[in-house]
Amino acid sequence: MSEMNRFVEVIVPLPVKGTFTYLLPDEFKDTTAVGSMVVVPFGSRKYYSGIICRVFDEDIANINFAIKRVSTLLDDKPVVSYKDLNLWHWLADYYICNIGEVMAVAIPSMFRLASESFVTLHPDFTGDVTGLNDSDIDVVEALMNNKQLSIQQIAAIFEIEDKKDAKKNVYRQIQSLIKNCVVELQEEVKNPYRPRYEEFITIGEKYRSDEAMNEVFDKLQKKAYKQLEFLLAYFKYAAKYNEDFPEIAKSLIYRDVDPNRTVINSLLKKEVISISKRRVGRIETLESTETTGGIILSDAQNKALDALKLSLKDNDIALLDGVSSSGKTEIYFKLIEEVLNEGRQVLLLLPEIAVSTQMLYRAAKYFGSKVGVYHSKYNHAERVEVWNAVLDNNKDATKGYSLIIGTRTSVFLPFERLGLVVVDEEHDVSYKQYDSPPRFNARDCAIYVAKTHGAKIMLGTATPSVESYFNTQNGKYALVKLDERYGGILPPETIVVDMREERKKKGMSVNFSDFLIQEISRALDKGKQVLIYQNRRGFALHLECEVCGWVPQCVNCDVSLTYHKAFNQMRCHYCGYHTSVPMECPKCHSNAVVMKGLGTEQVEEELEKLFPEAVVRRMDLDTTRKKNAFKELISDLSSGKINILVGTQMIAKGLDFDNIGLVGIVNADNLLYFPDFRAFERSYQQICQISGRAGRKNERGRVVIQTFSPEHPIIQYAVAGDYYAMYSREISDRREHNYPPFCRLINIKMQHRDYKDLDAAAQCLADMLKRSLGRRVLGPEYNSIPRMNNYYIKNIMIKIERSNDFFRLKSIVVSSYNEFLRRKESRGVRVAVDVDPM
């Protein structure tokens, strides 16, 4: 009878189909399980970390393909669970991508290890360099002085300047050295994560009496004042602890004194202090200052909370439709507390990092060290620590984080006792991942996660998405309404300014109406703060020659360049190309090159001129690139350091400030006239969301909307706060034209450097799809921006009716797509499939 061997199926974080089978060495059999992380060979020479998704025993004689062995087991315990792996498989299937691509997004990048190639001298090399050229000899000499050389170091020896193809060129150059057994290639896997250690200071045993310490103080005061300063700083922080001579972090003491190792060494030598080193986290530990008993709910909030509890008994999903400033967050906290008290975990999803920063400090006030944050502004090591803290909490509810506040990738954290998922601002398009697979919607993904854990899910917003509200009308979700603001504050008074009249009075260059300027002045005089919304960054949308009409274009994309005054550059917002600002028109050499359009930089500059005594700041992508930029802006606005904040849609997303007296929308028409069937819905949502920032505490706020279309129904609905009227109009249009929620959409985006090849490829795939799906297939059509980053773009849109046939029809899309990839027409074509595009 033949002996059985143990095999594992492994997911590798690469854009390749399926999973891969490896033989498991005997030394790993007892410690390996599904969810464990291993290092495996992949391809001809590389090694990657992977996750085991299946363990099975089989006679190796029955394996009819070449089998490789697992190289290393990285963790003796799983880093993901069966439920996490089920989520990955569901995402790969539903969003039509590879499971390796899901893994690459799901786990922290420091878990995704890849081997690095090194060159070493061959053990049989005798030192004879006869027949080698000068560059080869340089490599050999360098290796004699160094144990190994990286590919980059070899490239420098060969003077290969093209970094992109350095690896290929190095392999080509050293082939003869490898063939002649002069050098050999080795692969090394390095784990980049390093735990953080910190030094802690305490008082030495000999000096732990008042008498001894006073004697030290007297001596140091006469001869070594810097040492005395160090000790005084220690005792300043030690006084905050309820123990004698606690260990104080050296970094904390260095806040008060200049870093000086000589001072520490002198005190150590005298045994006045002792130092210990211990592992610490990179993330600040927060302490609670209140209990949720300190949250006083209004009658309306209590009714909504009771209704939610009742609804969630019979339904898995409830939508809390609460007007801005109605106090939805306090209701979240009350529900979160109940779930945490049951020993279960909670995920609170937010659309933007800016919102999560503010929400963290509000939540920490009540839940303290139980709260963790997870988003892309955390560095790689910090994300690993949050992940591990959730794993710790799985084993022991008193450790790690039981409440996670995060953006969309938080749905992948390895929860095991998840009891509640809250999706705040559920309508927000930021929950959708656009740029790379899996192109998932975190709101929909959260619903799947909650179901696999048997958890309840609550969606919250003041402006529900049409799809979510439709689900409440057909009984799929429970609906709870909260129609009044906390404290009885009236909704803001909204005034619409007809900019057509303003242009007649002031001419074509007007950006601010007289009325908006007066309202800003009035708000500032009352000590109120002002938010100004303009959803275009940069200074001017483009430059234009008034003589010949020339407009500077991106060399890589079919778009005009945006002028950024802060950098004094023309920039492309799609590929990053930038160039200097032209002094004259290159076509007709005229100096009459003028700015057209309005961006946040220009709004900020004009407001600084209009209100020179006010502090004007800007919140957009350009000002929030640094890690703590959001935090600093929010802190400054909360503390009153900022009088006027100009921003893009970032300032419209659930931020809560007490002293905003006025909101100004510079150009509402930018929102309305966009080629998308969701344009009116999004316009309504953004106008209402930004309007909701005004007058949240103490007194009613005001909103000024500048528009050239004051009679537009969406503007009128937003002024009246009539969501149902907007919804009724939208749902009627979508029913008539068969758009979501009455169908599902799949968009296939195709790109090629040659537009002729793209035309042929797109038509080929469209014809294949139409043979099976008929009129459900629309296109191919060129993108609204036909060329981006030197790739021409065409889209094929597929409408699939919501029925039991959906998965069969979707499988036709997948099979046609896979067949297309095998055809010659697909060569050089980039194809991106987006299920449920936003």
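Where is glutamate 271 found? Select it and you land in the loop between H9 and E12. Helices (H or I, at least four residues) and strands (E, at least two) are DSSP runs, numbered from the N terminus.

Before going on, some ground rules. This is a predicted model, where local features need pLDDT of at least 70, side-chain atom pairs count only at pLDDT 80 or more, and totals for chains, interfaces and linings use all residues. Residues are numbered from 1 along each chain as its sequence is written, and side-chain values use heavy atoms, with hydrogens and water left out.

**Stop 1**

Most residues other than glycine have a negative phi, and most peptide bonds are trans. Glutamate 271 is partly exposed, with a relative accessible area of 41%; buried means under 20% relative accessible area, exposed over 50%, and partly exposed in between (1.4 Å probe, protein chains only).

Lysine 206 sits in the loop between strand E10 (196–203) and helix H6 (210–223), and glutamate 271 in the loop between helix H9 (261–269) and strand E12 (273–280), so the pair ties together parts that are 65 residues apart in sequence. Lysine 206 counts as exposed, at 54% relative accessibility. The rule used for a salt bridge is a side-chain nitrogen of Lys or Arg within 4 Å of a carboxyl oxygen of Asp or Glu. By that rule the count comes to 42 salt bridges.

**Stop 2**

Select glutamate 493 and arginine 702. Their salt bridge has its closest N and O atoms 2.7 Å apart. This pair links distant parts of the chain: glutamate 493 is in strand E20 (residues 493–498) and arginine 702 in strand E30 (residues 702–707), 209 residues apart. Arginine 702 counts as buried at 17% relative accessibility, while glutamate 493 is partly exposed at 32%.

Next, pick lysine 526 and glutamate 699, a salt bridge with 3.3 Å between the closest N and O atoms. Here too distant parts of the chain are linked: lysine 526 is in the loop between helix H17 (514–525) and strand E21 (529–533), and glutamate 699 in the loop between helix H21 (679–691) and E30, 173 residues apart. Lysine 526 is exposed, with a relative accessible area of 52%; glutamate 699 counts as partly exposed at 34%.

**Stop 3: a network**

Which residues are linked in a network of salt bridges? Select Glu467, Arg678, Glu681, Glu730 and Arg734 to see it.

**Stop 4: around H23**

Move to aspartate 722, in the loop between helix H22 (713–720) and helix H23 (723–737). Aspartate 722 is partly exposed, with a relative accessible area of 34%.

Then go to the loop between H23 and E31, where asparagine 738 has its place. Phi of asparagine 738 is near 60°, a positive value in a residue other than glycine, and asparagine 738 is partly exposed at 31% relative accessible area. In the loop between H23 and strand E31 (743–752) you'll also find proline 741. A cis peptide bond joins proline 740 and proline 741, with omega about 15°.

For another cis bond, select glycine 779 and proline 780: omega is near 15°. Proline 780 is in strand E32 (residues 777–788).

**Stop 5: helix H1**

Jump to H1, residues 82–94. At 1.5 Å a residue, its 13 residues should span 18 Å, and the end C-alpha atoms are 18 Å apart, which agrees; the expected span is 1.5 Å times one less than the number of residues. Colour Asp84, Leu85, Leu87, Trp88, Leu91, Ala92 and Tyr94, which are buried in H1. After H1 comes isoleucine 96, with a positive phi near 50°.

**Last stop: valine 829**

Finish on valine 829, in the loop between helix H25 (806–821) and strand E34 (830–835). Is valine 829 buried or exposed? It is buried, with a relative accessible area of 13%. Draw a line to leucine 113, 716 residues apart along the chain: the C-alpha atoms are separated by 29 Å.
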